[in-house]
Amino acid sequence: MNKHIKEEKDNNPCLENRRWEEFNIGDIFPDIIRGKRLKTDDHIAGTMPYVSSSSQNNGVDNFVSNTDGVRIFANCLSLANSGSVGETFYHQYDFVASDHVTKLANKSLDKFAYLFISSIVQRLAEKYSFNREINDRRLKREKIMLPVTSSFAPDYDFMSRYMCSIELKHLKEYIDKRLDSI
């Protein structure tokens, strides 16, 4: 077992005593692509989420069926680069990305590792604003802190286990409340 990991007695990963290191976002996400402009007048009603820079509803502000001249992404983070600058959401489903969001993807990450990292990337909102947008050049140079393995690589397995344990905890609380109300 990695000496930097302190496991709680119920075998859930915890953040206590973890070693963290700084990484460039461009190194964590080799696939950084901005969405494409799709004017509101050009939206064709449909069922595919259209993700823009909204801070509400995971950035989804419409549902479209457009497939030509758009960028469709899935299993990635969307980062609002204007508007609600810094808002970061995980999308495991296909979505059309506006030019106000940037796709951050890494094939090594699962849903839970993405969720862990999204909360850290979200902190970029403190540095940027509507008047100071996040462009691709700035984004690739940004640094974030992540827990690491004994070889100082990002510990994606730990991140995944950590977020999975949080989800399981919330699901258990929900089920217990539902059972208590029966």
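Reader: So a cavity is a set of points on a 1 Å grid over the protein atoms alone where a 1.4 Å probe fits but cannot get out. How many of 30 Å³ or more does a search of the whole structure find?

Author: The search finds one, a volume being the space filled by probe spheres set on the points, joined across faces, edges and corners. This is a predicted model, where local features need pLDDT of at least 70, side-chain atom pairs count only at pLDDT 80 or more, and totals for chains, interfaces and linings use all residues. Residues are numbered from 1 along each chain as its sequence is written, and side-chain values use heavy atoms, without hydrogens and water.

Reader: What lines the largest cavity?

Author: Its lining residues (an atom within 4 Å of a point) include V51, S78, L79, A80, E87, F89 and V101. Strand β6 (residues 76-80) gives the most, with three residues; strands are DSSP E runs of at least two residues, and helices are H or I runs of at least four, numbered from the N terminus.

Reader: Which order do the strands of the open sheet take?

Author: The four strands run β2-β9-β6-β7, with antiparallel pairing. β2 (31-34) and β7 (88-91) each have a single partner strand, so one side of each lacks a neighbour in the sheet.

Reader: How many bridges join β2 and β9?

Author: Four, in the antiparallel sense; pairing takes at least two DSSP bridges. D31 has A105 in β9 as its bridge partner.

Reader: New topic. How do α2 and α4 pack?

Author: Helix α2 (residues 111-121) meets helix α4 (residues 156-180) at about 90°, with axes 7 Å apart. That makes α2 roughly perpendicular to α4 (65 to 115 degrees). The axes are lines fitted to C-alpha atoms over the stretch in contact, with angles from 0 to 180 degrees between N-to-C directions.

Reader: Which residues make the contact?

Author: With contact meaning heavy atoms within 4.5 Å, they include F112, L115 and F116 of α2 and Y156, M159 and M163 of α4.

Technical notes: Parallel < 35°, antiparallel > 145°, perpendicular 65-115°, else oblique. 1 Å grid on protein atoms, 1.4 Å probe; cavity = no way out; pocket = protein on both sides within 12 Å on 5 of 7 lines; lining within 4 Å.
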